[in-house]
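Subject: Structure handover

Hi,

Here is the structure for you to look through. My notes on it follow below.

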Amino acid sequence: SGAHIESRFLRVFGIGESSLETQLIDLFHTDNPTLALYCGPGEVQARITAMAADSSQALRLIAPLEAEIRRRLGDHVYGEGVENSLENVVLEMLTAAGQTVSFAESCTGGLIAARVVSIPGASAVLNESHVTYSNAAKTRLLNVSAQTLEAYGAVSAQCAQEMAEGVRRISGADWGVSVTGIAGPDGGTAEKPVGTVFVGVA
């Protein structure tokens, strides 16, 4: 046809698809470039596509729409590209800063660390990771206080904070990240239903 089609994929985290559509609703009503949303596990991709006589012209058509989306969404746009991922961007940012991270996971059972180590070069930034499922492990390995567990429970902001601080201290990492929650199907209460999750960052 002699036309060139270019697409830019923006990776969006922390906003659900319906909320994202509401924030961008007026931007869908253009023919060239076009905007479409693709929902994936834990994130949404916004695809901007333009058609023009050559690639550079198509990219020029994309640029203003991309800039407006980034302005509206801010840090929710964490990266771009079909093959990019949240864990890849985190690894790149830590590498660029010369910093390290360690994880303390309860309900996720090591899945966060597994996503990071799936990226080549993870050994440069990941110090260590602990799966501390039981209260005893949280106390023994991460120095979560028995008083915290007694007063607030293992699924609490206070416990997540102590887990994150503990894993950062014992590993010598720049960052400590923890997660504790009730994954279900059992174990939920009226006060802490299934799906209650706390994430700590130190």
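Q99 sits in the loop between α3 and β5. Helices (H or I, at least four residues) and strands (E, at least two) are DSSP runs, numbered from the N terminus. Before going on, note that this is a predicted model: local features need pLDDT of at least 70, side-chain atom pairs count only at pLDDT 80 or more, and totals for chains, interfaces and linings use all residues. Residues are numbered from 1 along each chain as its sequence is written, and side-chain values use heavy atoms, with hydrogens and water left out.

Q99 is partly exposed, at 27% relative accessible area. The cut-offs: buried means under 20% relative accessible area, exposed over 50%, and partly exposed in between (1.4 Å probe, protein chains only). Leaving out residues up to four places away in sequence, Q99 touches L94, V125, D174 and W175. Contact here means heavy atoms within 4.5 Å. With W175 there is also a side-chain polar contact of 2.7 Å. A polar contact is a pair of N or O atoms within 3.5 Å; within protein, one must be able to donate a hydrogen and the other to accept it, and residues adjacent in sequence count only if both atoms are side-chain atoms. V116 is 17 residues from Q99 along the chain, and their C-alpha atoms are separated by 14 Å.

**Helix α3**

The buried residues of α3 are E87, N88, V89, L91 and L94. Their cover includes β4 (77-80), β5 (101-105), α4 (111-117) and β7 (175-181). After α3 comes G98, with a positive phi near 65°.

**Helix α5**

Helix α5 covers residues 135-142, and its buried residues are A137, K138 and L142. Seen down the helix axis, these fall within an arc of 100°, so they line one face of α5. The arc is that of the directions from the helix axis to the C-beta atoms. A136 and R140 are exposed on the other side of α5. The buried residues of α5 pack against β5, α6 (146-152), α7 (157-171) and β7.

N143 follows α5. It lies in the loop between α5 and α6. N143 is partly exposed, at 46% relative accessibility. Its phi is positive, about 65°, although N143 is not a glycine. Most residues other than glycine have a negative phi, and most peptide bonds are trans.

**The cis peptide bonds**

Another runs from G184 to P185, with omega near 5°. P185 is in the loop between β7 and β8 (197-201).

P33 lies in the loop between α1 (17-24) and β2 (34-40). P33 is buried, at 9% relative accessible area. Not counting residues up to four places away in sequence, P33 touches I48, T49, A50, L61 and L65. S178 is 145 residues from P33 in sequence and 41 Å away in space, C-alpha to C-alpha.

**T49 in strand β3**

T49 is part of strand β3 (residues 43-52). Is T49 buried or exposed? T49 is buried, with a relative accessible area of 13%. The side chains of T49 and R47 make a polar contact of 3.0 Å. T49 also touches I5, E6, S7, N32, P33 and T34, again leaving out residues up to four places away in sequence.

**The sheet**

Which order do the four strands of the open sheet take? They run β2-β3-β1-β4, with antiparallel pairing. β2 and β4 stand at the edges with a single partner strand each, so one side of each has no neighbour in the sheet. On average, neighbouring strands are turned by 25° against each other, direction ignored. Strands of a sheet pair through backbone hydrogen bonds, either parallel or antiparallel.

β2 and β3 pair over seven bridges, in the antiparallel sense. Two strands pair if DSSP finds at least two bridges between them. Y38 stands opposite Q45 in β3.

Helix α2 (residues 55-73) lies across β1 (4-12), β2, β3 and β4, and runs at about 20° to β1. Axes are lines fitted to C-alpha atoms, for helices over the stretch in contact, and angles run from 0 to 180 degrees between N-to-C directions.

Best wishes
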